[in-house]
Amino acid sequence: MSKEAVFTMKLEPELRAEFMAEANSAHRPASQVLRELMREFVQKQRESRKYDEFLLSKVEAGRMSMRSDIGRSNEEVEAEFCARRTNAAGTV
């Protein structure tokens, strides 16, 4: 990937000094470390957004099933699994 863009940012001198020292102790250029941090951030944001979309679709599917009288209420599910736990405890 071409490295033609310049990124300028303001930060505390102490943070810069600590970051530079750690990058040097890892024998890596600071710019390489920052690129990796940026890539990780972008990836995490994409994964988070993808998960949020997945979760929203699951919630909407549940809502649609409830509107269509296909789904079951939380109380019904809790009652069923309470009965299952009771049966499982009695068979041990």
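## Conventions

In what follows, Ala, Val, Leu, Ile, Met, Phe, Trp, Tyr, Cys and Pro count as nonpolar, Asp, Glu, Lys and Arg as charged, and the others, Gly among them, as polar. The model is predicted: local features need pLDDT of at least 70 and side-chain atom pairs pLDDT 80 or more, whereas totals for chains, interfaces and linings use all residues. Residues are numbered from 1 along each chain as its sequence is written, and side-chain values use heavy atoms, with hydrogens and water left out.

## The largest pocket

The largest pocket has a volume of about 650 Å³. A pocket is an open set of points, on a 1 Å grid over the protein atoms alone, where a 1.4 Å probe fits, with protein on both sides within 12 Å along at least five of seven lines; lining residues have an atom within 4 Å of a point. The volume is the space filled by probe spheres set on the points, which are joined across faces, edges and corners.

Twenty residues line this pocket, and Phe7, Ser31, Leu34, Arg35 and Met38 lie nearest its centre. By class, the lining comprises twelve nonpolar, three polar and five charged residues. Helices α1 (13–25) and α2 (30–67) each supply at least two lining residues, and the largest share, six residues, comes from α2. Helices are DSSP runs (H or I, at least four residues), numbered from the N terminus.

## A nonpolar surface patch

Phe7, Met9, Leu11, Leu15 and Met38 form a nonpolar patch with about 480 Å² of accessible area together. Such a patch joins nonpolar side chains (Val, Leu, Ile, Met, Phe, Trp, Tyr) within 5 Å, from residues with over 30% relative accessible area and no salt bridge; areas come from the Shrake-Rupley method with a 1.4 Å probe. Met38, located in α2, is partly exposed because its relative accessibility is 39% (buried is under 20%, exposed over 50%, partly exposed in between).

## Salt bridges

The whole structure contains four salt bridges, each a side-chain nitrogen of Lys or Arg within 4 Å of a carboxyl oxygen of Asp or Glu. One of them links Glu60 and Arg67 at 3.4 Å, N to O. Glu60 is partly exposed at 30%, whereas Arg67 is exposed at 57%.

Arg72 pairs with Glu80, the closest N and O atoms being 2.2 Å apart. Glu80 also meets Arg84 at 2.7 Å; Arg84 and Glu80 both lie in α3 (residues 74–90), four residues apart, about one turn of the helix.

Notes: Patch = residues over 30% accessible without salt bridge, like charges linked within 9 Å, V, L, I, M, F, W, Y side chains within 5 Å. Buried < 20%, exposed > 50% of the residue type's maximum accessible area, 1.4 Å probe, protein only.
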